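Subject: Structure handover

Hi there,

Here is the structure I promised to pass on.

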Amino acid sequence: MASLKDLKNRISSVKSTQKITKAMKMVAASKLRRAQEAAEAARPYAERMESVMAGLGSSAQDTPGSSPLLIGTGKQDVHLVIVATSERGLCGGFNTNIVKGARAHIEKLLAAGKTVKILCIGKKGYAVIRREHKDRIIDLKDLSAVKRLAFADAQPIAQEVLAMFDRGEFDVASLFYAKFQSVLVQVVTNQQLIPAPLAELADGDIAADALGGAAYEYEPDEASILEDLLPRNVATQMYRGLLENAASEQGSRMSAMDSATRNAGEMIDSLTITYNRTRQANITKELIEIISGAEALK
Amino acid sequence: MTDTLHLEIVSPERLLKDVEVAMVVVPGTEGDFGALPQHAPMMSTIRPGVIEIYETEASAPEKLFVKSGLAQISDTGLTILAEEMIDLDTVDAAELAANLAKAQEDVNAATDDNVRGLAETELAWMTALSELVS
């Protein structure tokens, strides 16, 4: 049985752990609010971009000679999987879930005989994926120096991806990230970046709504505008994904730290009970010793 | 029937402007154009240049420098999607000169076409900006 001193030490150590997790939860909560605001602020741009793309894209999709960013290279052989995870740990199942999703996708592609290249954004996912797919990882983008995600952070990554596409290093690119739904729910999402997934957009009424049915004048012309827009759309989608990811990370961390704080509280309670019982047992034992000693002297 | 133009300027990070104005002059790729209320629907890409926003017909224009973007005029107004934007009043001449020199250097130092392309865009942008400031 643990001595009183040991129990006391354990209680105080759990208490200080609880203080840390509580502080982390609070920090995550305020960061989450900021990340959510950023994600919300980025929405108008992405939405407008989407509507313009949908409007322009649906008409250009059937035109031969459109940009390969829109219609693809005609092949599906080499896939680039971009896995966006966090730079820090202690955020519950956040990274595990994304990596799990990405891994299932990679496995499926490999089973289908495709070549897979992986681009990691964030150290945490890299560490896990490296174990299995070391040769397939082409790069790791470290965003740990970034405090507040700006468009300027996403743009260079997008540009690099586009440059690789231009050199014909892959045919299809998709981005794995966690979409923020609530503090408790983050959905791992596989978003296709290249070729632009216009089929989904054009399906709905978005395309029709986007241009309001009006006859537009184009300057210079539809094709050139689209040409200009497509690379920017990739950067926008990537930025959006990273923002969602940042919000999800904080949300996930917040709930993880919340349950850690609660667990620590429960642990402290049960340890305190053990401590009190042990102390009482010791007192009783000493009393019995004194009494029986006195009895023996009679 | 409205006699003002609804202007929205959106950057990837946030909605920068959402106002009613009298006129906006946009630097389109094929030439500047002025957008007045009830302009016919059109879409144009934007070259590096200055967007002039006239809040009322008589007021002095507010000038914003954009790097690139897309202008869309629809029934609901003018929407400008722009990645980078600078308020002309906040530009520091010395800093700009340094940036310009650096951009020039980047172009000279570029080894492959891709990097050079990027650097050249940057340079064109800087040059346009410095011409405006001086």
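A definition to begin with: helices (H or I, at least four residues) and strands (E, at least two) are DSSP runs, numbered from the N terminus. You are looking at a predicted model, in which local features need pLDDT of at least 70, side-chain atom pairs count only at pLDDT 80 or more, and totals for chains, interfaces and linings use all residues. Residues are numbered from 1 along each chain as its sequence is written, chains are lettered from A and ligands numbered from 1 in the order in which they are written, and side-chain values use heavy atoms, with hydrogens and water left out.

Let me start with helix α5 of chain A, which covers residues 151-166. Its 16 residues reach 22 Å from the first C-alpha to the last, close to the 22 Å expected at 1.5 Å a residue (the expected span being 1.5 Å times one less than the number of residues). Buried residues of α5(A) include Phe151(A), Ile157(A), Val161(A), Leu162(A) and Phe165(A); buried means under 20% relative accessible area, with a 1.4 Å probe and protein chains only. After α5(A) comes Gly168(A), with a positive phi near 75 degrees.

Now to the sheet. Chain A has an open, mixed sheet of five strands, in the order β3-β2-β1-β4-β5, where two strands pair if DSSP finds at least two bridges between them. β3 (137-141) and β5 (186-194) of chain A each have a single partner strand, so one side of each is left without a neighbour in the sheet. On average, neighbouring strands are turned by 20 degrees against each other, direction ignored. Eight bridges join β4(A), residues 172-180, to β5(A) in the antiparallel sense, and Leu175(A) stands opposite Gln191(A) in β5(A).

Two helices lie across this sheet. α3(A) (94-111) lies across β1, β2, β4 and β5 of chain A and runs at about 155 degrees to β4(A). α4(A) (123-133) lies across β1, β2 and β3 of chain A, at about 165 degrees to β3(A). Axes are lines fitted to C-alpha atoms, for helices over the stretch in contact (heavy atoms within 4.5 Å), and angles run from 0 to 180 degrees between N-to-C directions.

What about disulfides? The whole structure has zero, a disulfide being a pair of cysteine sulfur atoms within 2.5 Å. The sulfur of Cys91(A) is 15 Å from its closest cysteine sulfur, in Cys120(A), too far for a bond. Cys91(A) is buried at 3% relative accessibility, and Cys120(A) is buried at 1%.

Happy browsing!

Conventions. Buried < 20%, exposed > 50% of the residue type's maximum accessible area, 1.4 Å probe, protein only.
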